[in-house]
Amino acid sequence: MYEKWSAAMDRPATRLLTLLELMQNRHLARSAELAAELGVDQRTIRRYMQALQEMGIPVETVRGRDGGYRLLPGFRLPPLMFNEEEAIGLTIALLMSRASLSAGAEHAIDQALAKIERVLPTPLLQRVLAVRDGVVSADLEQPFDAPVPNPTVLATLCQASLSRNRCWLRYSARDGDETAREVDPYGVVTVGGRWYLHGWCYLREDRRTFRVDRVRRVDVLPQTFEPPADLDVLEAVMASLALARANWQVVFEVDAPLGAVREELPPRFAVAEPLPDGRTRLRCSAECLEWIAWRLLPLPWPVTIIEPDELRDAFAALADRANALADRKPAGSHAMVAAAS
């Protein structure tokens, strides 16, 4: 069920519930206003009203210049009841939407979360609050294929992070190979619509970043931990993503200060450190060196390649292609010049 929550707000049933909520808070709801708030046209609003009437909900049409729709006095929508997966899944969907919306829309998402929290029983409310309060979000573009994590797994990891309890994980790698490991969950981060756990892995004896959607099972253990005092979980996840690509590890220096470089190359692209002379050294990884060359070419400052040497060949190949494109003439252009002379 949880895979479907990211698309929940596109369903007519969800819009019908939203429509009812809007009408309960107004004496008279005008068609044009409802259409604008739901992102549909007025013909769709008329269909929704007819559907509500067929469901037995007392919707009255008020005709005239100041007409619209209203619910008959005494009608109230009964409180919604969610099971654990539904409540956490809906919270995930709202948080994913919140990161990509404008400030005004963020307020609406916060109001929706507050309404959900008010109707939940205490044990379930605690798990929903763990997801809401335990996730650090980076406001980056969300890919269309971003996988949605299992709501129960996500809530358990968030609760363990807040309570500082070690976890036992069964984790599936990209190739499908599964491993069992114990992890101190330092924090959960969502970056670009994907969810990550960063923590100390006792199997690898090092800090690691895990995709939450690849966690097949999680159990909370009684052992507790203290995270590193100076740890920025979001920054650590960004660094992991920058260095996680296969094939090539790249090091280069840019003749510009760190602040200026960061405006062109975000943390998810490369790990950066300032140099004593005011320049910046960066480390990243790549599947394809030609892509790195293409990415660095527009920088307005000189770039020095430290490693690998093959990156120089990638720049040379890119230059050869650019020169070939610059020299390419339209078919028949020589004949046209000769005819004109």
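1. How many residues does the largest nonpolar core have, and which of them have the most contacts inside it? In this predicted model, the largest nonpolar core has 28 residues, and those with the most contacts inside it are Leu154, Leu157, Leu169, Val188 and Leu197. At least two residues of this core are supplied by each of the helices α4 (84-98), α6 (122-134) and α7 (151-163), and likewise by each of the strands β4 (165-172), β5 (178-191), β6 (194-201) and β8 (215-224). The largest share, six residues, comes from α7.

2. Val188 deserves a separate look, being one of the residues with the most contacts inside the largest core. When its neighbours within four places in sequence are left aside, Val188 is in contact with Gly134, Val135, Val136, Leu154, Leu157, Cys158, Trp195, Tyr196 and Leu197. A second, separate core has 20 residues, among them Val250, Ala256, Val261 and Leu289.

3. The next point concerns a pair of helices. The axes of helix α10 (residues 289-296) and helix α11 (residues 310-327) come within 9 Å and cross at roughly 65°, which means that α10 is roughly perpendicular to α11. The crossing in which α10 passes α11 is right-handed. On the α10 side the contact is made by Leu289, Glu290, Ile292, Ala293, Trp294 and Leu296, and on the α11 side by Glu310, Leu311, Ala314, Phe315 and Leu318.

4. Two residues other than glycine may be noted for a positive phi. Arg164, which lies in the loop between α7 and β4, has phi near 60°, a positive value, and Arg164 counts as partly exposed because its relative accessibility is 34%. Glu205, which lies in the loop between β6 and β7 (206-211), has a positive phi near 55°, and Glu205 counts as exposed because its relative accessible area is 62%.

5. Finally, is Asp133 buried, partly exposed or exposed? Asp133, which is found in helix α6, is partly exposed, with a relative accessible area of 45%. Along the chain Asp133 and Leu162 are 29 residues apart, while their C-alpha atoms are separated by 8.7 Å.

Definitions and conventions: Residues numbered from 1 in each chain as written. Predicted model: local features only at pLDDT ≥ 70, side-chain atom pairs only at ≥ 80, totals over all residues. Heavy atoms only, no water. Axes fitted to C-alpha atoms, helices over the stretch in contact; angles between N-to-C directions. Helix = DSSP H or I, 4+ residues; strand = E, 2+ residues; numbered from the N terminus. Parallel < 35°, antiparallel > 145°, perpendicular 65-115°, else oblique. Left-handed = near helix turned anticlockwise from the far one by under 90°. Contact = heavy atoms within 4.5 Å. Core = buried A, V, L, I, M, F, W, Y, C linked by side-chain atoms within 4.5 Å. Buried < 20%, exposed > 50% of the residue type's maximum accessible area, 1.4 Å probe, protein only.
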